[in-house]
Amino acid sequence: QPRRFKAMQDAKADRLVKLDELYEGKKLAGKVVLVTGSNRGLGLAITKELVAQGAKVVATCRTTAPEVEGLHKVVKGIDVTDNKCGDKLVQALGGESIDIVINNAGYFMTDPETIDNPNFAEELKMIDICAVGILRVTSAIVKNGLMASGSKVVLITSQGGSIAWRDVQNAGGPFDYGHHMSKAAANMLGKLLSIELKPKGIMVSILHPGFNRTDMTSKYEHIWEVEGAVDASVGAKRVCHEINLVTMDTTGKFINCEDGKEIPW
């Protein structure tokens, strides 16, 4: 990551210095966009960005609604680990169609893991929230006919789910088994969704949002600067830019929002 960030700086990469010129946020105006995990961190920043661009945002959360004016709808009580969460969500939507679903809800345990101190309960919790939770939400919305051809399913995952990058990114540890397993599972889910939903004309975008300065990544704040971590408001624009760019030709690809390049599985 430090080498990639330095290379982007040296090359004055467009995504680094011209994001506001490249990003056509107004394409999101009028779109009905559902965001899970909307009340904190990157999810809150994405919610604010969507509202600012004129999208009709359906913000879901477990308990506390996001403090954002201009939301289209707030749906509380959506815990993505609950097998009935999809039914609750569909009922709350009342038949309203969704143009974009942004599966953002996530969880990252604080303590680093190695072979000497695995936390099996936390590993299962991360997989449940970060992978199975996405399927619970997406399945309910799609099977109830709330997504038409041309709509988009977005998975906020992580480069941490790339098996190919682990030799470099995790050399020397910490190894964070649960985090990486959960993101790899989410990536597999995204690829399978893209295949199954393609005949329906529904696009799937699997996104590494980049390194963002949030509570979830604060355990790594000592490397925020050297690895190019950005404010969540910038990360939100990067995510929204990639959502605009996905087509049926690029559905199911694993994209790095920092530079727009495909990440190896």
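Modeller: Let's start with helix α4. In α4, the residues Leu42, Gly43, Leu44, Ala45, Ile46, Thr47, Glu49 and Leu50 are buried. Keep in mind that this is a predicted model.

Biologist: Let's zoom out. How many helices and strands does the protein have?

Modeller: There are nine helices and nine strands. The protein has 265 residues, and 51% of them count as buried.

Biologist: What about the surface?

Modeller: The protein exposes about 12,500 Å². Carbon and sulfur atoms supply 53% of that.

Biologist: What share of the contacts comes from residues 24 or more positions apart?

Modeller: They account for 69%, counting contacts with a separation of 6 or more.

Biologist: Now α8. What span should its 21 residues have?

Modeller: At 1.5 Å a residue, α8 should span 30 Å. Its end C-alpha atoms are 30 Å apart, so the two values agree.

Biologist: Which residues of α8 are buried?

Modeller: Among them are Gly178, His179, His180, Ser182 and Lys183. Further along, the buried ones include Leu189, Gly190, Leu193 and Leu197.

Biologist: What do they pack against?

Modeller: The buried residues of α8 pack against helices α6 (120-143) and α7 (166-169). They also pack against strands β5, β6 and β9.

Biologist: Where is Ile202?

Modeller: Ile202 is in the loop between α8 (177-197) and β6 (203-208).

Biologist: Is Ile202 buried or exposed?

Modeller: Buried, at 0% relative accessibility. Leaving aside neighbours within four places in sequence, its contacts include Val142, Met147, Leu197, Met248 and Thr251.

Biologist: How far apart are the C-alpha atoms of Ile202 and Met248?

Modeller: They are separated by 7.8 Å. Along the chain, Ile202 and Met248 are 46 residues apart.

Biologist: Next, Ser205. Which strand is that in?

Modeller: Ser205 lies in β6. At 4% relative accessibility, Ser205 counts as buried, because the limit is under 20%. Setting aside neighbours within four places, Ser205 is in contact with Val153, Val154, Leu155 and Val246.

Biologist: New topic: how many aromatic pairs does the structure hold?

Modeller: Two. One of them joins Phe254 and Trp265, and that pair is stacked. The rings are 5.5 Å centre to centre, with 20° between the planes.

Biologist: Which parts does that pair tie together?

Modeller: Phe254 lies in strand β9 (residues 254-256), and Trp265 is in the segment after β9. So the pair ties together parts that are 11 residues apart in sequence.

Biologist: One last thing. Where does the charged end of Lys125 sit?

Modeller: Over the ring of Tyr107. The charged end of Lys125 is 4.2 Å from the centre of that ring.

Key: Residues are numbered from 1 along each chain as its sequence is written. This is a predicted model: local features need pLDDT of at least 70, side-chain atom pairs count only at pLDDT 80 or more; totals for chains, interfaces and linings use all residues. Side-chain values use heavy atoms; hydrogens and water are left out. Helices (H or I, at least four residues) and strands (E, at least two) are DSSP runs, numbered from the N terminus. Buried means under 20% relative accessible area, exposed over 50%, partly exposed in between (1.4 Å probe, protein chains only). Contact means heavy atoms within 4.5 Å. Accessible areas come from the Shrake-Rupley method with a 1.4 Å probe; for residues, only the protein chains shown count as cover. Rings of Phe, Tyr and Trp (its six-membered ring) pair if their centres lie within 6.5 Å; planes under 30 degrees apart count as stacked, over 60 as edge-to-face and the rest as tilted. A charge sits over a ring if NZ of Lys or CZ of Arg is within 6 Å of the ring centre and within 35 degrees of the ring normal. The expected span of a helix is 1.5 Å times one less than its number of residues.
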